Amino acid sequence: TRERARMAGSNASEGNRKGLFVVLEGIDGAGTTTQGRMLAQWLERRGRTVELCWEPTDGQVGSLIRKALQKDGPDLDERVFALLFAADRIDHIEKQILPAIESGRDVISDRYVLSSLAYQSTQLDLDWVRSLNRFAFAPDIALLLDAPAQVCMDRLDSAGRGGERYEKTQLLERIRLNYRQIASKLVEEGQRLETLDASLSIEELHQRIVEMVQPLLREQ
Ligand code: TYD
């Protein structure tokens with residue numbers, strides 16, 4: 001199974017994996033963290049065991065990234081970030097994602113490969129970033145929470161957040177466009193990925209997410 005997982009293009013439903021692998025994506029302030037928690041609770045109420053996780057992780061590489069992203073963080077070249085995010089993802093897959101889904105737990109990841117494709121490709125060649133992430137198998141579904149950058153920045157402001165490396169309205173709007181373009185490319189390639197309107201209320205968006213995830217439970 002591990003070998004298969006390392007193969008590009010292999011899917012999380014292959015091999016002897018039993019848990020569901022759901023990814024939430026979107027620009028900063030789109031609500032992936034809130035929605036991840038709500039989805040985890042929803043799945044748990046249905047008797048599933050859920051592991052809610054995120055990238056950058058709390059592991060050694062992820063912690064290094066978090067420090068570097070802070071306001072007044074070091075001025076690292078974007079290629080360094082691309083490599084660090086990819087390295088953190090390997091650690092995440094090996095230590096958390098695979099063990100969980102192989103033992104039948106569902107995994108919800110707040111960010112995954114699509115984050116690297118959308119964020120790092122504002123400065124870097126998309127194909128290069130993709131190649132760095134070839135080891136990362138596709139989730140059962142990725143949900144792209146899409147909202148205008150201004151809406152997301154206002155949310156960050158009112159939560160007393162903002163100011164990290166990528167948290168600027170114009171830049172986030174470019175990343176949002178990247179997300180949408182890359183998402184449609186991945187859908188054409190056969191990945192299961194849905195774009196949802198993240199300017200909806202928290203509860204409405206949660207309902208949309210549930211509508212996308214529920215059929216996957218029946219398929220299993
Ligand atoms: P974020 O999920 O916003 O963490 P937190 O909610 O704790 O602030 O992730 C941190 C930032 O890292 C966010 O701006 C998106 C960015 N990022 C990338 O640029 N590439 C990636 O591959 C990942 C996982 C995150």
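This is a predicted model: local features need pLDDT of at least 70, side-chain atom pairs count only at pLDDT 80 or more; totals for chains, interfaces and linings use all residues.
View 1. Pro56 sits in the loop between strand E2 (50-54) and H3. The peptide bond leading from Glu55 to Pro56 is cis. Its omega is near -5°. Glu55 is also one of the residues in contact with Tyr112.

**View 2. Tyr112 in the largest nonpolar core.** This core has 67 residues. Tyr112, Ile209 and Val213 have the most contacts inside it. H4 provides the largest share of the core, 10 residues. Leaving aside neighbours within four places in sequence, Tyr112 is in contact with Phe21, Val23, Ile93, Ile97 and Phe137, among others. Its partners also include Glu25, Glu55 and Arg89.

**View 3. Arg111, a residue with positive phi.** Arg111 lies in the loop between strand E3 (106-110) and H5. Its phi is near 85°, though the residue is not a glycine. Arg111 is buried, with a relative accessible area of 14%. It is also among the residues nearest the centre of the largest pocket.

**View 4. Asp72, a residue with positive phi.** Asp72 is placed in the loop between H3 and H4. Its phi is about 65°, and Asp72 is not a glycine. Asp72 is exposed, with a relative accessible area of 77%.

**View 5. The largest pocket.** The space in this pocket is about 820 Å³. Its lining has 36 residues. Asp28, Thr32, Thr33, Arg111 and Arg161 lie nearest the centre. The lining divides into 14 nonpolar, 11 polar and 11 charged residues. Helices that each supply at least two lining residues include H2 (32-45), H4 (78-102) and H9 (202-219).

Methods:
Residues are numbered from 1 along each chain as its sequence is written. Side-chain values use heavy atoms; hydrogens and water are left out. On a 1 Å grid over the protein atoms alone, a cavity is a set of points where a 1.4 Å probe fits but cannot get out, and a pocket is an open set with protein on both sides within 12 Å along at least five of seven lines; lining residues have an atom within 4 Å of a point. Grid points are joined across faces, edges and corners, and a volume is the space filled by probe spheres set on the points. Helices (H or I, at least four residues) and strands (E, at least two) are DSSP runs, numbered from the N terminus. Ala, Val, Leu, Ile, Met, Phe, Trp, Tyr, Cys and Pro count as nonpolar, Asp, Glu, Lys and Arg as charged, and the others, Gly among them, as polar. A nonpolar core is a set of buried Ala, Val, Leu, Ile, Met, Phe, Trp, Tyr and Cys residues joined through side-chain atoms within 4.5 Å. Buried means under 20% relative accessible area, exposed over 50%, partly exposed in between (1.4 Å probe, protein chains only). Contact means heavy atoms within 4.5 Å.
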